[in-house]
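Reader: Could you take me through this structure step by step, in the form of questions and answers?

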Amino acid sequence: MTARHEFDFAEIGRDVLARVDALARHSDSPVHYTRTWLSPAHRAAAAQLAEWMREAGMAVRVDGAGSVIGRYEGLAPGAKALVTGSHFDSVRNGGKYDGVVGILVPLACVADLHRQDLRLPHAIEVVAFADEEGARFQTSFLASRAFLGQFDPAIRDRRDADGIGFDEAMRAAGLDPAAIAADPRDPATIAAYVEVHIEQGPVLLEAGLPLGVVTVIAGGTRHRVTVTGAAGHAGTVPMASRRDALAAAAEMILAVESRARTGGGLVGTVGVLEVREGTGNVIPGHVEFTVDIRSGDDAVREAAERDVFARFEAIAAKRGVTVATRRNHAVRATPCSPRLQELLAESMSAVGVPVRRLASGAGHDAMVMAAATEVGMLFVRCGAGGVSHNPAETVTAEDAGLAVAALGEFFRKFAA
Ligand code: HGY
Ligand code: MN
Ligand code: MN
């Protein structure tokens, strides 16, 4: 990297943010930012990322899940890679920085090396993971799992909200569903994984600090819950004989909230609620909703899950409905490597940023990569009160520039 006195943080950050804006134009929706796995907008974003990677002197390939992988060779061809990256899919109506910053910041660092024709002892790989949010097929971490050869074939039976099957979606994007994880990355070829990400919370904002070093990433599970009662006429069925699936679901949702309020770093969220064939004059007979439960302490989370599902059963029994739950995502709390935390902290100090360590409440591809190598994460301050998964999410050019500077320092320190 260039010496840091040559760095104009805001200018480099403005270039990064201009690319965030350019990528955000590839959206499934004309009115808000939504980029789901393998949509036309998603493939257009992938092509744009590949082009920028090539411009930065990287060899580019697309893997079986549609992730875009750029490799900047080290001094000796075939050297172990320092892998860095994040995801370029989004939640529905999300913020345009979530994930993308962790691709564009390292890309700027590699472009800087390329401009100076500098090579490091290790290769650097920037991975743009195709699906982390899993908004289309409820497939959290699909791409990082496929990258490591850990794909659950049962997922292939799923359909998206438009009824398009998983395999069909892959074929339409020119990908082979049978080969999604056919080329697993050998962990022996990875030196470490480091991920830059917007904080998605208010800690750095409130501390007045642009960057932070992540200590641990909270574990979490997601479930799909189906409540089945009896549909009936809203005008004729007496209240005492109803088996209203939605009223039961409402009580269950409040049970999630009240259990999650008991501390231990627990959070619990119901983000989707669907009334099948819901009609104003029909008693709801079939309701589905999602449950997301997280904590930095796996034992605390597991105890909360047991309690919540026991409450669901009790509520269902009391109301004469049935309840079924399917877990479609589980990830354990993931500590970041002390060595990488230290290197990231030193890199921040080197660019004049006071070191703040913090836990991540959000999940990240680093959680999956931890199965293959040591992981570290650098957080970038989230503006607008720390809001994320929301179009109001923001990052400043100065902070993005500091992230480029700090990650560039990290590349050099890691090499040493
Ligand atoms: O849900 C999460 O924690 C992440 O944003 N995918
Ligand atoms: Mn997210
Ligand atoms: Mn993210």
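This is a predicted model: local features need pLDDT of at least 70, side-chain atom pairs count only at pLDDT 80 or more; totals for chains, interfaces and linings use all residues.

Author: On the side of domain 1 that touches domain 2, the residues divide into six nonpolar, four polar and three charged.

Reader: Which residues make up domain 2 of the protein chain?

Author: The domain assignment gives domain 1 in two pieces, written as 4–218 + 333–415. The C-alpha centres of domain 1 and domain 2 lie 33 Å apart. In that assignment, domain 2 is given as residues 219–331.

Reader: How many residue pairs are in polar contact across the interface of domain 1 and domain 2?

Author: Contact in general brings together 13 residues of domain 1 and 12 residues of domain 2. A salt bridge would need a side-chain nitrogen of Lys or Arg within 4 Å of a carboxyl oxygen of Asp or Glu, and across this interface the rule finds zero of them. For polar contact, counting pairs with both residues at pLDDT 80 or more, the number found is five.

Reader: How many of the residues in the shell around ligand 1 are charged?

Author: Ligand 1 is surrounded by Glu132, Glu133, Arg222, Arg294, Ala362, Gly363 and His389. Since Asp, Glu, Lys and Arg count as charged, the shell divides into one nonpolar residue, two polar ones and, as the charged share, four.

Reader: What percentage of the accessible area of ligand 1 does the protein cover?

Author: A polar side-chain atom of Glu132 lies 2.9 Å from a nitrogen atom of ligand 1, while an N or O atom in the side chain of Arg294 is 2.5 Å from an oxygen atom of the ligand. For His389, a polar side-chain atom lies 3.0 Å from an oxygen atom of ligand 1. On its own ligand 1 has 210 Å² of accessible area, and the part that the protein covers is 94%.

Methods
Residues are numbered from 1 along each chain as its sequence is written. Chains are lettered from A and ligands numbered from 1 in the order in which they are written. Side-chain values use heavy atoms; hydrogens and water are left out. A residue is near a molecule or strand if one of its heavy atoms lies within 4 Å of it. A polar contact is a pair of N or O atoms within 3.5 Å; within protein, one must be able to donate a hydrogen and the other to accept it, and residues adjacent in sequence count only if both atoms are side-chain atoms. Accessible areas come from the Shrake-Rupley method with a 1.4 Å probe; for residues, only the protein chains shown count as cover. Domain bounds come from an automatic or database domain assignment. Contact means heavy atoms within 4.5 Å.
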